[in-house]
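Please keep the sequence and the coordinates at hand while reading.

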Amino acid sequence: MSLERIFNLSEAVAAFSPTPILVAVNKLLDILSPLLSPNNSIDEQTITTLRGLLTSLALGAKYIFIALQHSNSSLSDIRTMLVTFASYRPPALAERLRLIAENLLFGHANAMDGCEVFGALRADVENLLKYIMENHGQETVIRVSGSHTVEHRGLQDLGLSIKKYVEDAETSCKSMVDLLSGTNTLIQAFLEDETFSLERPLTDAPIWSPSLFNVWNTFQMTFIAFSSDLRGPIIMHPSWFQEILKDENGLIESDEQARRPDITQPTFKIFVPRTPGARVNATDSTVGAVLANGTIKSGACELRLLSISQIKRGMSTVTVKMSLQQSGIWRHLLKSFGVLCRITAANADSSFRLLNHTPVTIDDILADPNFLPKHCKPCFKLDASASSLMRWRFWRPIYRWRPSSTFPSHFNIAFDIEHNTQVGVEFHLAFKYRRQFMPVLSDTVQLAGTPYFVDPPPFSADQLPPATP
């Protein structure tokens, strides 16, 4: 399928400008916030309407901000993938592509909501302007007293300026929606190409060709700068953006979980060759084997199989141990890391269920006998909303800088698989770092584990002996 017939990514990236959104958010907050002061000459009804406008503005800005975080996650992964794809096994590369497509869908959904809010805001500004013109003269002076006295002369001109800011922002939002929609269409078209096999170099596909590397780079740099600039008014007007400032990571995670049931998961028709894995059963124990390991910027990590309990018909309990050894400057720059576990059925017609995930709460992880260091109080969250995925995400709070008190060096993960056929278990690890001299930018190190296949247990199976950690 021709890239040009679907969507011209290069032209769309070059045409997109976030400036009108940034101008609208900054100008409206700077102009209208002081007018909410009780010491002004505006009637109460107008103040109530202005407060509603600013509430809508903050909501629209929040949606755009969340859209940028989801999209930037995908764009960062795309750039990393285009450089390192040769080091990935096909199943791991397929999972990377799935996460890229999914995050862009989350970004698009938030951009759509933001665009809708700005459209409603434009209509509200028009109504307010009409009300002011009917009840106040064009040259009415508004005085706001306080530490500084602010005067606004010429209400009609002021209202028309505000209306223009909002109209331009709505147009920019529509352009952002079109850009993300077109990008999603491109990626989905690639994933549905039955003629393409991940045995081939990824760059054979038009969407990932070297000729578009600079386009993807420009796309990411534009959205990173947009996100950074949008933080300005968020920080300058904290009362309107408490959700973002209180727990940005939690807000992004909550948005993802809330939207997942409503988005259409990416469809895969490209050929993904199966990578042979180790089979785990009562007669062929690979307990103690390394599921994933590798070198990261701040040190090294390892995910090791501790035990597989098969004491109940149709139920396997998997326990693994995560070890993270860090040193040097990069341990101070680690922002977050995630442990993703994906379960697949060997037979496409078979079903399985994931149960009893742990850890779920801070108490769970502190009760883990393998948890170290004991004084560590990690911030983490488990996302088990998808039927075949579990994701533990650990992050560094803004107010806590000692690495030893933020990220655990050892902890266990466990879960039950209810199944009557062979299932595959594969882990992926992702570490996100601030750049040393450009902290607004991030680099992600991803490690793909070896797939393991677990046979359904017999009724009388005994627990496999635990491995030495």
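## Terms and basis

Throughout, a residue is called buried when its relative accessible area is under 20%, exposed when that area is over 50%, and partly exposed in between, with a 1.4 Å probe and protein chains only. The model is predicted, so local features need pLDDT of at least 70 and side-chain atom pairs count only at pLDDT 80 or more, whereas totals for chains, interfaces and linings use all residues. Residues are numbered from 1 along each chain as its sequence is written, and side-chain values use heavy atoms, with hydrogens and water left out.

## Salt bridges between elements

Side chains of opposite charge can pair when their charged atoms come close. Counting a salt bridge wherever a side-chain nitrogen of Lys or Arg lies within 4 Å of a carboxyl oxygen of Asp or Glu, the structure holds 18 of them. Helices (H or I, at least four residues) and strands (E, at least two) are DSSP runs, numbered from the N terminus.

In one of these salt bridges, Glu 102 and Arg 260 approach to 3.2 Å, N to O. Because Glu 102 belongs to helix α5 (residues 90-135) and Arg 260 to the loop between α9 (248-259) and β3 (278-280), this pair ties together parts that are 158 residues apart in sequence. Both Glu 102 and Arg 260 are buried. A further salt bridge joins Arg 259 to Asp 113 at 2.7 Å, N to O, and since Arg 259 lies in helix α9 and Asp 113 in helix α5, the parts tied together here are 146 residues apart in sequence. Arg 259 counts as buried at 14% relative accessibility, while Asp 113, with a relative accessible area of 22%, is partly exposed.

Arg 231 forms a salt bridge with Glu 248, the closest N and O atoms being 2.9 Å apart; with Arg 231 in helix α7 (residues 213-236) and Glu 248 in helix α9, the pair ties together parts that are 17 residues apart in sequence. Arg 231 is partly exposed at 29% relative accessibility, and Glu 248 is partly exposed at 22%. Salt bridges with shared partners also join Arg 98, Glu 102, Glu 256, Arg 260, Asp 383 and Arg 391 into one network.

## Second largest cavity

The largest share of its lining, 3 residues, comes from strand β10 (residues 389-395).

## Confidence

The chain averages a pLDDT of 81, and 82% of the residues score at least 70, where pLDDT is the predictor's confidence in each residue, from 0 to 100. Over residues 144-151 pLDDT stays under 50, and the model has 14 contacts (heavy atoms within 4.5 Å) beyond four places in sequence for them. Residues 460-469 also stay under 50, with 24 such contacts. Where pLDDT is low, the predicted coordinates should not be read in detail.
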